[in-house]
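Hello,

Here is the structure we discussed, with the sequence.

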Amino acid sequence: MGKAAVKEKPKATAVFARHETFHPRFGWLKKGYDLAVADPNIFLREDAPVLLGVGKNMVRSIRYWCGAFKVLAEQEGNTLPTPLGQQLLSDDGWDPFLENPASLWLLHWNLLKAPCTATAWAYAFGEFQAAEFTPERLVDDLRDYANGFSTNIADSSLRKDVSCILRMYADQESKKGPTEDSIDCPFTALRLLYSVGDGRRYEFQVGPKETLPAELVVAACLEFAGVSENESSAMGVSRLAHLEGSPGRVFKLSEAAIAEAIEHVARRREDLSISDSAGLLQLQYEGDPLEMSEAILDGYFAAQRVAV
């Protein structure tokens, strides 16, 4: 009984291998979003493969990914756009065709934040501690984690998830050059994960990310503070870097990278600052952190449209 108590986790829904082995392709989220706006039952229609231009398994995969990234949501049998979906993917949205890498970072953040329906992804980016690893090591550790939810999760589902994670984020090079998978997956551009050595070992890239805007980092930090049990108007940078589900874990950022992002955004906002008290760096904010997060994102993407 004592042993079981150690493994016990808070009640949560564990979701494995719902992607039908397909990682998200270029154009899938926009296509799924637009068709769901036109017809909330699109994914249940017999002619859905024709309308989406893909096979039946890919229809289910597109439906899954649109929900996992939180651009669509299931409600009473209908598939409806979420506020994020409308803001990002509507024709007059922030970046409907995901041309700005910042949009992919935003989607990555939304994939992993609660409620997360990509359990293997949440584990790999949130709790898996290995600096360098093989696919087999990730499967083994994921199995131990999954057993905390249920002992009935098929090994094949875990392997499918690990394979999908690696194909989604790491360039899949062959002797003849990049594979079709790596060319067709937008998330490889984030450079979060790369193969090392003989190509059978992988490593997360921890530290600053060239394509990750400071505004998005700070927006994620404010959102994380807003949904955390955080009664003050401040949150330590160490917590933003290391707590489960934090921007530091999701984006693989160091404390220094987070602090630099906060300093950058704080130069242009009077309601935001970074303080150093006895060597403890803190994000300080004046106002509702969720509203501030939304405003920072809106301001960032508005500026990008003007620049273009």
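Over the ring of which residue does the charged end of Lys252 sit? The ring is that of Phe204, with the charged end 4.4 Å from its centre. A charge sits over a ring if NZ of Lys or CZ of Arg is within 6 Å of the ring centre and within 35 degrees of the ring normal. Lys30 likewise lies over the face of Phe97, at 5.4 Å from the ring centre.

This is a predicted model, in which local features need pLDDT of at least 70 and side-chain atom pairs count only at pLDDT 80 or more, while totals for chains, interfaces and linings use all residues. Residues are numbered from 1 along each chain as its sequence is written, and side-chain values use heavy atoms, with hydrogens and water left out.

A polar atom of the Lys70 side chain lies 3.0 Å from the backbone oxygen of Lys113. Leaving out residues up to four places away in sequence, Lys70 touches (heavy atoms within 4.5 Å) several residues, including Thr82, Asn110 and Cys116.

Phe301 counts as buried because its relative accessibility is 1%. With residues up to four places away in sequence not counted, the residues Phe301 touches include Trp94, Asp95 and Leu106. Ser233 is 68 residues from Phe301 along the chain, and their C-alpha atoms are separated by 26 Å.

Regards

Notes. A polar contact is a pair of N or O atoms within 3.5 Å; within protein, one must be able to donate a hydrogen and the other to accept it, and residues adjacent in sequence count only if both atoms are side-chain atoms. Buried means under 20% relative accessible area, exposed over 50%, partly exposed in between (1.4 Å probe, protein chains only).
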